[in-house]
Amino acid sequence: MAGPQRPSGKSTRVRDATAVSDTTAARGRRALLAGGAALAATGLLAGCDGGRPAPAPTDRPSYAPSAPAVRGRQPAGEGTVNVVTDFGARGDGRTDDSEAFSRAYRYAASRVWDHVGRTVLDIPPGSYVIRRPAALLDGDQPDRKANGLRFRGAGKRMTEIVFAPATSKDAYLCRNDDMWANLMFEQLRFRSATPGASFFHSYSTGQAQDYRFTECEWTGEWTYGLALDGSNTNSEMRWEACRVGGAYRRAFLYSGLSERARDPQRQDQFLNYWFTDMKVEYEWGNFLEFPYGGSITCRGGSYIVTGRRPTDTEEYGRTSTFFRFPRTRHFDAVQRFHAEDIRFEVRDPDVLVIDCAWGSGTVHFNDCDDTANAFKDFSDGVRPHRYRIGPRGPLVRYDSCQLTGRHQYTVADPIPSGRSVARYDMCLFRNHPVNSFAVLSGAAEAGQVRFVDCLGR
């Protein structure tokens, strides 16, 4: 019986030649993409110039609507690129991959055509160290408005981007200076390896908006997660099934940085922020901080502060707050907050669910529960929901909620007699009876907080 046949030398040589060919092709592709990024950096590819001409319009029936005119030339190059195979990133947790990510971004910027971005950046599994600020996203050309850029990982625990700048001062992993709209980040984990660095700085006078984060995660110690500055928009932002971990010296989302806005009072167009099915489980700091108002919706998930601030701060003391809405002078724009189907944990007296001093608007909690630790001794004395109310509100409402401790209402300016500013419908109070649940101070009067079909201890 004949034994197994050995492959001929000819077939081995064919396979070797194919492997060489594949390697050469990969290097050639990388060189081509790197060349495009280099041209973009020198201004030779301006997004609306290089590439092949747009196809000529075809004949159409006279009744057919005309398509909008498309200017410039269609960009050359691949629409989906890989930071490892195309730009040389290592992803080994040690090598500084700043240049690879910077070249990938410049390549994507070079492919903007008729103000539309046309590139998806794939980031395979691995741990990518970035030491250079703004290497992931450096939108510093506000005169070249662009819509659409997508960063796609393999999973929030599989693809990790480690931001490790030499200093944390003014160090942001991403910057968008009124250039990009419609940004997408998917299945990525971001970790601050330099305590006090920040994730994203977004400055807008009308362009920076429509950001979407899907199945992303943040860990490490940050100053800001996202810091919003400017006026008009910085809006329409969505987080879906994300995990917010780590710690925040200021806030995960801080709306109204006021570093470059010529008139801080104009910072009043922070509209439509959606957080859906979130796992907010961070050590200390604030989750959302909106001093200039905004329209915010949080639906579903679990919100926990696991530790305490390591030191007292002048602005926050030792307190960590999920929703901090101080009052700052600005034009009277939207002030609206809605929380629904969320489980909160109040683990100590320094954890607040909400601290709101807006001058008007509405606050609404529906089917929320913060009683996980209501059985502990400190819970009788906590006041995790705090409001400063004026003649114009905000109007506060709780529907079908289970609540721990007591709620604090401070009225700075007198409210017309008989007017209610807060209402609780079919709520369950775990630590106090209905008649002593609300703590009123200042010019507050009995009857300004109403209870309908509620149950107390």
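Is Cys 427 buried or exposed in this structure? Cys 427 is buried, with a relative accessible area of 2%, where buried means under 20% relative accessible area, exposed means over 50%, and partly exposed lies in between (1.4 Å probe, protein chains only). The views below come from a predicted model, in which local features need pLDDT of at least 70 and side-chain atom pairs count only at pLDDT 80 or more, while totals for chains, interfaces and linings use all residues. Residues are numbered from 1 along each chain as its sequence is written, and side-chain values use heavy atoms, with hydrogens and water left out.

**View 1. Cysteines without a disulfide.** A search of the whole structure finds zero disulfides, a disulfide being a pair of cysteine sulfur atoms within 2.5 Å. Cys 401 is in no disulfide, and the nearest cysteine sulfur to that of Cys 401 belongs to Cys 427, 4.9 Å away. The sulfur of Cys 427 has its closest cysteine sulfur in Cys 454, at 4.7 Å, which is too far for a bond. Cys 401, like Cys 427, is buried, and the relative accessible area of Cys 401 is 1%.

**View 2. An arginine over a tryptophan ring.** Arg 238 lies over the face of Trp 274, at 4.4 Å from the ring centre. A charge sits over a ring if NZ of Lys or CZ of Arg is within 6 Å of the ring centre and within 35 degrees of the ring normal.

**View 3. A buried aspartate in a loop.** Asp 86 is found in the loop between strand S3 (80-82) and strand S4 (92-96), and here helices (H or I, at least four residues) and strands (E, at least two) are DSSP runs, numbered from the N terminus. Asp 86 is buried, with a relative accessible area of 1%, and the side chain of Asp 86 reaches the backbone nitrogen of Asn 82 at 2.8 Å.

**View 4. Strand S26 and its two partners.** In strand S26 (residues 385-389), His 385, Tyr 387 and Ile 389 form a covered face, whereas Arg 386 and Arg 388 form an uncovered one. Strand S24 (residues 351-356) pairs with S26 in the parallel sense over three bridges, and two strands are said to pair if DSSP finds at least two bridges between them. Ile 354 has His 385 of S26 as its bridge partner. S26 is also joined by five bridges to strand S29 (residues 407-411), and these strands run parallel, with His 385 standing opposite His 407 in S29.

**View 5. The enclosed helix H2.** Helix H2 (residues 98-110) has 13 residues and reaches 18 Å from its first C-alpha to its last, close to the 18 Å expected at 1.5 Å a residue, where the expected span is 1.5 Å times one less than the number of residues. Eleven of the 13 residues of H2 are buried, so the helix is largely enclosed by the rest of the structure. Among these buried residues are Phe 101, Arg 103, Tyr 105 and Tyr 107.

View 6. Strand S22 (residues 335-340) is mostly covered, since five of its six residues are buried. Six bridges join S22 to strand S20 (residues 294-305), and the two run parallel, with Gln 335 of S22 as the bridge partner of Gly 294. S22 also pairs with strand S25 (residues 362-366) in the parallel sense, over five bridges, and Glu 340 stands opposite Asn 366 in S25.

Key: A polar contact is a pair of N or O atoms within 3.5 Å; within protein, one must be able to donate a hydrogen and the other to accept it, and residues adjacent in sequence count only if both atoms are side-chain atoms.
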